[in-house]
Amino acid sequence: MPAPQCSSCRAARAALRRPRSGQALCGSCFCTAFEAEVLHTVLAGRLLPPGAVVAVGASGGKDSTVLAHVLRELAPQLGVSLRLVAVDEGIGGYRDAALAAVRRQAARWDLPLTVVAYADLFGGWTMDAVACSIAGTGRSRACCTFCGVLRRRALEEGARLVGATHIVTGHNADDMAETVLMNFLRGDAGRLARGGGLGSRGEGGALPRCRPLQLASQKEVVLYAHFRRLDYFSEECVYAPEAFRGHARDLLKLLEAARPSVALDLVHSAERLALAPAARPPPPGACSRCGALASRSLCQACALLDGLQRGRPRLAIGKGRGGRDEEGPPGPLPPPPSDPVSAPGPAAGECGAACKERCE
Ligand code: SF4
């Protein structure tokens, strides 16, 4: 049976049915509609004011690739300028290839690219070195907990380095729905209450962050990359998860079969959630080491690095008996293991969470 006519231009054959609306569109009309929807998300949410210098967290993966491409198309209308900022976590056999994809994108789209490395920012610690260090504690599933916190810090540092006023990341509706589900299933009310909205306004001196693709489904992000013939890196990180996010993803797929709008419904539910006054944590203060926003004496990134320094990464992820504040003030950053490659590390797929949990 021949494909139906595109319901928008009525000139070309439809190449897809939009997953949520069922609308039959050709590739060109779909891409135009997708870009218009992202533009609407940015304008309606007042995410990026005219004149903003926007740091795009670029990982080489499909989401950040689509985000950079769409924002580049929209930049003249929005009146913003773009900088690509990539983070090199120091993950052998993975990040080099992903960074090569980011470099190709920067060259093709004529966008300035800055790469910031964990090793430079965090006293020589790479993610491989961190993985080695935490493997001996039986906490190898915590790789992504460390990495997500450090990535967030690294992206902030990179954005400041390039003079950015705003940070954007490539989280899509499915990523956000998975996060909402995970937080529900873990009973993490604090994160649930913080998880709504399209981003953060930049509390405590941090740069404002937003997620312009938050209302776009994963399927449509992939379709956009396909029709625009975007070159992206699709392999999984060597520490990538079997983890809890995978269960949330499977559950979401099951729910989607019965209710196609479930991902967006979850995202919108999270926007309306608020903690009861009695359950609200005290307002955060400033980290005693770096000045970033912190709910304890150290922010998460400094606490993680401090735990590594003490050789007690278990403390760093908040599992010590008395919590991470029990051992007195932090010292200088420690050196990483001298030979992280030969030390025992976690097997592939042992991480505790997916990349999208807190990084980008
Ligand atoms: Fe980092 Fe985990 Fe993402 Fe790998 S999968 S880049 S370790 S957060």
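These questions and answers walk through a predicted model, from its overall make-up to single residues.

Residues are numbered from 1 along each chain as its sequence is written, and side-chain values use heavy atoms, with hydrogens and water left out. Local features need pLDDT of at least 70, side-chain atom pairs count only at pLDDT 80 or more, and totals for chains, interfaces and linings use all residues.

Trainee: What percentage of the 360 residues in the protein is buried?
Mentor: The protein has 13 helices and 10 strands. Helices (H or I, at least four residues) and strands (E, at least two) are DSSP runs, numbered from the N terminus. Buried means under 20% relative accessible area, exposed over 50%, partly exposed in between (1.4 Å probe, protein chains only). The buried share of the 360 residues is 48%.

Trainee: Which residue in strand 4 stands opposite Val56?
Mentor: Strand 3 pairs with strand 4 (residues 81-88) in the parallel sense, over 5 bridges. Pairing requires that DSSP finds at least two bridges between the strands. Opposite Val56 stands Leu84.

Trainee: Which residue in strand 6 stands opposite Ala55?
Mentor: Strand 6 (residues 166-168) runs parallel to strand 3, joined by 3 bridges. The residue opposite Ala55 is Ile167.

Trainee: At what angle do helix 5 and helix 6 pack?
Mentor: Two packed helices are described by the angle between their axes and the distance between the axes. Axes are lines fitted to C-alpha atoms, for helices over the stretch in contact, and angles run from 0 to 180 degrees between N-to-C directions. For helix 5 (residues 127-135) and helix 6 (residues 143-161), the axes lie 10 Å apart. The angle is about 145°.

Trainee: Which residues in helix 6 meet helix 5?
Mentor: Contact means heavy atoms within 4.5 Å. Helix 5 brings Met127, Val130, Ala131 and Ile134. Their partners in helix 6 are Cys143, Phe146 and Cys147.

Trainee: Where is Arg46 found?
Mentor: Arg46 is not a glycine, yet its phi is positive, near 50°. Arg46 is exposed, with a relative accessible area of 76%. Its place is the loop between helix 1 (27-44) and strand 3.

Trainee: What is the relative accessible area of Asp110?
Mentor: Asp110 lies in the loop between helix 3 (95-109) and strand 5 (113-117). Its phi is positive, about 55°, although it is not a glycine. Asp110 is exposed, with a relative accessible area of 69%.
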